[in-house]
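Student: Can we go through the contacts in this one? I'd like to take the interfaces one at a time.

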Amino acid sequence: MNFDHLTLSEIPATDEELRPAIRELIAAHIGNMPLYKRARTWMGGDAVFSRAMGQAGFLGLTLPRKYGGAERGPLARFVVVEELLGAGAPVGMHWIADRQSALVILKFGTEAQREQYLPKICRGEMYFCIGMSEPGSGSDLASVRSRAERTENGWRLNGQKVWTSGAHHAHYMIALVRTSGEPADRNQGLSQLLVDLNAPGITIRPVPDLNGDHDFNEVFFDNVELPHDALLGEEGAGWSQVTAELAYERSGPERIYSSAVLLDAWIQHVARQPQCEARQRLVGSLTAQLAVLRELSVAVTSRLAAGEQPVVEASLVKDLGATFEQSVPSLIADDLASHPEESVDPELWHAIMTVTHIAPAFSLRGGTREILRGIIARGMGLR
Amino acid sequence: MDELLGPFEQMLASVAGRSVDSVVQWKAIEESGYLDALVPEAAGGAGLSLSDIEPLIRALGRFAITAPVAETMAKRALGVDTLGRPLSAILAVAEIAGLAEKILEMSLSYANDRVQFGKPIGKLQVIQQQLAVMGEQVLMARMASQIGCAHGLAPSLEVAAVSKQVASATVPQIASIAHAVHGAIGITEEFDLQRYTRRLHALRLAHGSEGYWANIVGKARLQSDRQSSVEFILSLRKS
């Protein structure tokens, strides 16, 4: 790991130019959204909004034009996503497809697969979910047991996925499954399959989260018949493909902005109160941290734009970001409860408690804090 | 950039260390010509920007040079006897970033060398996780330094505040993990770690600690007509 790989980077003016248009689109759609829903950021979704984004050309920004994309770089997507997350726009429907599935299909898929999936993703009409975790495979992803066998007509899939965000809205899952060997073979013999979630033999059951929200699902595969072209990329290369997919998953600005809507609502409250140095300092330290994290996130995106896979760099920034995001609800709740004489909008309290309860997810999803720190330690030359 | 940094590091290496006479040290620094790095070319200097020499200031940190090298560079460029607090704070941030790099490097190397329970302690997950946290904080300090130095010799109060607030706030955790990893040897007079952490603690407080600057960032944020944090942060880049 060389820290010189993450340096202050400029976003090109041609990418910055996207900001006014995406702001306008967001303002037209989130006027009536209650704070606690906006505070869920990318965990909340709205198909109408996703289609509007597609229509306005804000999805698949980095994909080639011939598939419906904008052929821009990752920094263009950074600008758009930064505005979406900062405002708490309902991006959940298309989120996984736009962030990672489309990129994996572009990178590893056949021409026919690209033509089949990418234009619909870019129009905001086709949604994806991630098929990695299983009941027996969390951080130890290489131990997946879901299995697909070759048949005359393609593949027969059996097994189970869990913690599958948005499976109940998604049209497809990119699933990491075993296609040869045994679980003891670890990262050998794994492949990625494009699973049509409408196929017979698939059961999707909700797993309500601690706020009562339906984000998670468990997905069962019971002799699911899939066509030959369900295979994505190379048979047996699932592990290296999923590693590339995780780099897309870990490196984005959503790893620093999950609590930004809440932070801003609280700052608006504080700005209406009499001046108080202690809370001014809290506003200042949170704002300063976010400002520096933001430049680190831009720096990671610039490495992606340069065609690199900044795995260690993304892990460093994701862990810093998650720690920051988790500190926000706790610190501002203490601040508000330190001023019991003030009247606080009940919606703000509702949002704070919603984020407080779901905040542990920030250092679980996309790789746990402990796994990331292991990656960082190795990257710095330990082990 | 290596053409700039390489000879500077060589010069510093020859005059760094606790037994060096401060007069001899300053003479060598002065004769190197680097003190005119920020002076415009028309006035006989190298005409570099603060961003250009940010790696040099970090190098001063890595060698724990306490002489006012960066301050003198800035004073010569501006033709003044005293620097404003925002610029002084940013120069301290760049030194903090260099010290932080050095302390991380020492800690990683110690963790790979020191054997307990039959293996280097760097193989223990508890140590690895702590050093990962330290790496994260070093990265924060480095980015804070680049943000501060990007605005030249007349930085806005807000940019200096963001930079110094974040850099100073990394210090307690970096020093504490470095000493935890080094164990008892780290708190001896003889072992060099204390020279670096001592300087780190001093620079945390110099020209305003994290609390002082947090107040300034907070005031600016609360008085700003920018609705969102994203807008506020973008406005800092342009200031």
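Predicted model: local features only at pLDDT ≥ 70, side-chain atom pairs only at ≥ 80, totals over all residues.

Student: Fine. Which domains is chain A divided into?

Tutor: Chain A has domain 1 at 3–127, domain 2 at 130–236 and domain 3 at 242–379.

Student: What separates the centres of domain 1 and domain 2 of chain A?

Tutor: Taken over C-alpha atoms, the centres of these two domains of chain A are 25 Å apart. Domain 1 of chain A puts 17 residues into the contact, and domain 2 of chain A puts in 17 residues.

Student: And how much area do domain 1 and domain 2 of chain A bury between them?

Tutor: About 1,400 Å², with 61% of it on carbon and sulfur atoms. On the domain 1 side of chain A, the residues losing the most area to domain 2 are Gln113(A), Tyr117(A) and Tyr127(A), which together account for 33% of what that side buries.

Student: How many salt bridges are there across that interface?

Tutor: The rule finds 1 salt bridge between domain 1 and domain 2 of chain A. There are also 6 residue pairs in polar contact between these domains, both residues at pLDDT 80 or more.

Student: Which helices supply the domain 1 side of chain A?

Tutor: Helix H6 (95–108) and helix H7 (111–122) of chain A each supply at least two residues of the side touching domain 2. H6(A) gives the most, with 7 residues. By class, that side of domain 1 of chain A has 9 nonpolar, 5 polar and 3 charged residues.

Student: Now chain B. How many residues of chain A are in contact with it?

Tutor: 51 residues of chain A contact 44 residues of chain B. The two chains bury about 4,100 Å² between them, 67% of it on carbon and sulfur atoms.

Student: What about salt bridges between chain A and chain B?

Tutor: The count is 4. Separately, Arg237(B) and Glu10(A) meet through their side chains in a salt bridge, 3.0 Å from N to O. As for polar contacts, 11 residue pairs are found across the interface of chain A and chain B, both residues at pLDDT 80 or more.

Student: Which element gives the most to the chain A side?

Tutor: H10(A), with 17 residues on the side that touches chain B. Elements giving two or more residues there include helix H2 (19–30) and helix H13 (369–379) of chain A.

Student: And the classes of residue on that side?

Tutor: The side of chain A touching chain B divides into 23 nonpolar, 12 polar and 16 charged residues.

How values were computed:
Residues numbered from 1 in each chain as written. Chains lettered and ligands numbered in written order. Heavy atoms only, no water. Domains from an automatic or database assignment. Contact = heavy atoms within 4.5 Å. Buried area = accessible area lost by both parts, 1.4 Å probe. Polar contact = N/O pair within 3.5 Å; in protein donor to acceptor, adjacent residues only side chain to side chain. Helix = DSSP H or I, 4+ residues; strand = E, 2+ residues; numbered from the N terminus. Nonpolar A, V, L, I, M, F, W, Y, C, P; charged D, E, K, R; others polar.
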